[in-house]
Amino acid sequence: MYSESFRIFVREGLDKYFIGTGNPNAKILFIGKESAIAPTDTVGRNWYLKNATEWKCHLDNDTEECYSYTVDENHPLRKNWGKNTWSKYQLLSDYIWNKQTEKYRVEFLQSIFTTEINDSPAKTTSAANKSGLNERKLLFKNSTFIQEFPVIVLACSDYIKNNSETREIDEIFNVVYDGDEKGKYWFNKTNWFFTHHNPDKSKLVIHTRQLSADVSNEMLKIMGEVIRQHLIKTEKF
């Protein structure tokens, strides 16, 4: 049920780092900023800290997470549905797979795995401890599991950089920016994404903003089509 690379990622993460959630056999990886969990949210914190241990239980018992569920009135995601990250992930997934969006329904975890670039949960970005970012980036660079995904969406804004001085995305994921003519998708200063590919074009890495709040549906639709076409071309769809 699970690849050896994922088993290694989980085994080495026990009591060390957050694994993620979703389907580890998926073709798409979403990497966000950090889990939006407040210091006072004991339930959320407990879930986060037990993540690796629970994955180890799934591996030992050949079981899997719940990949689809309804966000009912008592669910913490319900209040900000349409603005929070989970609902934006769902919408992007629906665009990728050309599915009709169902309000208050999470299904994207069936075909996508998600994790965070910052292993320090916080309610807001400004309150987050970012001291472990470089260690986390090194983990991703050296992880066969992370590197195997044919599509990676870095929805973490300036937590990772590709600029004239620093080429973190290129170095960590062994890709090159497609150039402004082909790889720059600019809608406005708060809605943008850039595409990168490895030498044989088998891997697509998209760098974009955190997918929440005022993220444009138009941007998500075009991003979804870019991902869809890559999966079709590489026969991963």
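Which strand and which helix each supply at least two residues of the lining of the second largest pocket? They are strand S9 (191-197) and helix H9 (217-233), and the views below start from there. This is a predicted model, in which local features need pLDDT of at least 70, side-chain atom pairs count only at pLDDT 80 or more, and totals for chains, interfaces and linings use all residues. Residues are numbered from 1 along each chain as its sequence is written, and side-chain values use heavy atoms, with hydrogens and water left out.

**View 1. The second largest pocket, with S9 and H9 in its lining.** About 270 Å³ of space lies here. A pocket is an open set of points on a 1 Å grid over the protein atoms alone, where a 1.4 Å probe fits, with protein on both sides within 12 Å along at least five of seven lines; lining residues have an atom within 4 Å of a point. Grid points are joined across faces, edges and corners, and a volume is the space filled by probe spheres set on them. H9 gives the largest share of this lining, four residues. Among the lining residues, look for Asp 178, Tyr 185, His 197 and Lys 233. By class, there are three nonpolar, four polar and four charged residues (nonpolar: Ala, Val, Leu, Ile, Met, Phe, Trp, Tyr, Cys and Pro; charged: Asp, Glu, Lys and Arg; polar: the others, Gly among them). Helices (H or I, at least four residues) and strands (E, at least two) are DSSP runs, numbered from the N terminus.

**View 2. The largest pocket of the model.** Its volume is about 1400 Å³. Of its 42 lining residues, Ala 36, Ile 37, Pro 76, Leu 77 and Trp 86 are the closest to the centre. Helices H2 (42-49), H3 (51-61) and H4 (85-97) and strand S5 (112-116) are the elements that give two or more residues to this lining. The lining holds 17 nonpolar, 16 polar and nine charged residues.

**View 3. Asn 51 in helix H3.** Asn 51 counts as buried because its relative accessibility is 2% (buried is under 20% relative accessible area, exposed over 50%, partly exposed in between; 1.4 Å probe, protein chains only). Beyond its neighbours within four places in sequence, Asn 51 is in contact (heavy atoms within 4.5 Å) with Phe 18, Ile 19 and Gly 20.

View 4. A disulfide is a pair of cysteine sulfur atoms within 2.5 Å. The sulfur of Cys 66 has its closest cysteine sulfur in Cys 57, 17 Å away, too far for a bond. Cys 57 is partly exposed at 40% relative accessibility, whereas Cys 66 is exposed at 53%.
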